[in-house]
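Student: I would like to learn how to read a fold from its coordinates. Can we work through one example together?

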Amino acid sequence: MQNPTPRIPQQPAPNHRAEYDGGLTDELAAVVTSARRRALRDGDRQIDTAHLLHSLIESDPAVRAAFDGGPQLARVLGYLVQRSIGYGLRWQGAVEDSGTVPLVTDAGAEGWSPSAEGWSPSAASAMADAVRRAQAYGRERAGGLDLLAALAADRESRAVKVLARAGVDPALLADRIVEAPGQA
């Protein structure tokens with residue numbers, strides 16, 4: 001007799017805290033965990049920048065506030081939800097590598113060193129850039145706005161493609177992030 005419940009591919013549970021201990025706020029670590037679950041649920045082999053953007057928007061009020069109002073945010077979420085249920089922008093099964101941000105193979109910033117497995121090159125670079133950004137502003141740990149700024153900086157990433165489809169100008173978004181309290 002066959003099991004009527006479809007099997008979802010399982011990956012061994014990595015030690016997430018060891019992967020980036022000290023480099024991310026607890027809130028951003030939760031975003032990464034959520035993005036990892038989203039990638040698994042969507043059947044994607046790797047966490048990409050769109051998974052990170054989706055999890056950031058869902059969980060971080062400061063990230064939501066960086067957008068130009070509710071309608072803009074609703075359009076971005078609409079594209080992300082369409083993608084997660086199999087409509088709209090389709091990237092399932094393809095590795096994201098925009099080529100505009102170099103892949104980080106060594107911990108380019110103190111406290112962040114993603115394993116090559118489980119991360120798209122663009123997502124790994126964005127995480128390392130977020131940590132470097134936080135350190136440049138004198139903070140020990142990267143937060144949601146640091147990651148949002150890093151995602152917006154890679155013009156060829158999936159996250160930026162979602163933003164563009166929703167009518168968000170990544171440069172204006174980055175400007176609002178810099179002007180956010182506690183970011184400069």
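Student: How many of the 10 residues of helix H7 (residues 144–153) are buried?

Tutor: A note before the count: this is a predicted model. A residue is buried when its relative accessible area is under 20%. In H7, nine of the 10 residues pass that test, so the helix is largely enclosed by the rest of the structure.

Student: Which residues of H7 are buried?

Tutor: Gly 144, Leu 145, Asp 146, Leu 147 and Leu 148 are buried.

Student: What covers the buried residues of H7?

Tutor: Look for the elements in contact with them. The cover includes helix H2 (26–42), helix H3 (49–59) and helix H4 (61–65). H6, H8 and helix H9 (170–179) also belong to the cover.

Student: Let me try a single residue. Where is the place of Ala 130, and is Ala 130 buried or exposed?

Tutor: Ala 130 sits in helix H6 (residues 121–136). Its relative accessible area is 0%, so Ala 130 is buried.

Student: Which residues does Ala 130 touch, leaving out those up to four places away in sequence?

Tutor: Ala 130 touches Ala 142, Asp 146, Leu 147 and Ala 150.

Student: Now a helix pair. At what angle do H5 and H8 pack?

Tutor: Start with the two axes. Helix H5 (residues 70–84) and helix H8 (residues 158–165) pack at about 125 degrees, and their axes are 8 Å apart. That angle makes H5 oblique to H8. The crossing of the two helices is right-handed.

Student: Which residues of H5 and H8 meet?

Tutor: H5 brings Val 76, Tyr 79, Leu 80 and Arg 83. H8 brings Arg 158, Val 162, Leu 163 and Arg 165. By class, the contact has five nonpolar residues, three charged ones and no polar ones.

Student: Step back to the whole chain. How many helices and strands are there?

Tutor: The protein chain has nine helices and zero strands. Along the sequence, the pattern reads α-α-α-α-α-α-α-α-α.

Student: And what share of its residues is buried?

Tutor: Of the 184 residues, 47% are buried. The accessible surface comes to about 9,400 Å², and carbon and sulfur atoms hold 53% of it. Among contacts with a separation of 6 or more, 66% join residues 24 or more positions apart.

Technical notes:
Residues numbered from 1 in each chain as written. Predicted model: local features only at pLDDT ≥ 70, side-chain atom pairs only at ≥ 80, totals over all residues. Heavy atoms only, no water. Axes fitted to C-alpha atoms, helices over the stretch in contact; angles between N-to-C directions. Helix = DSSP H or I, 4+ residues; strand = E, 2+ residues; numbered from the N terminus. Parallel < 35°, antiparallel > 145°, perpendicular 65-115°, else oblique. Left-handed = near helix turned anticlockwise from the far one by under 90°. Contact = heavy atoms within 4.5 Å. Nonpolar A, V, L, I, M, F, W, Y, C, P; charged D, E, K, R; others polar. Buried < 20%, exposed > 50% of the residue type's maximum accessible area, 1.4 Å probe, protein only. Areas by Shrake-Rupley, 256 points an atom, 1.4 Å probe, with all protein chains shown as cover.
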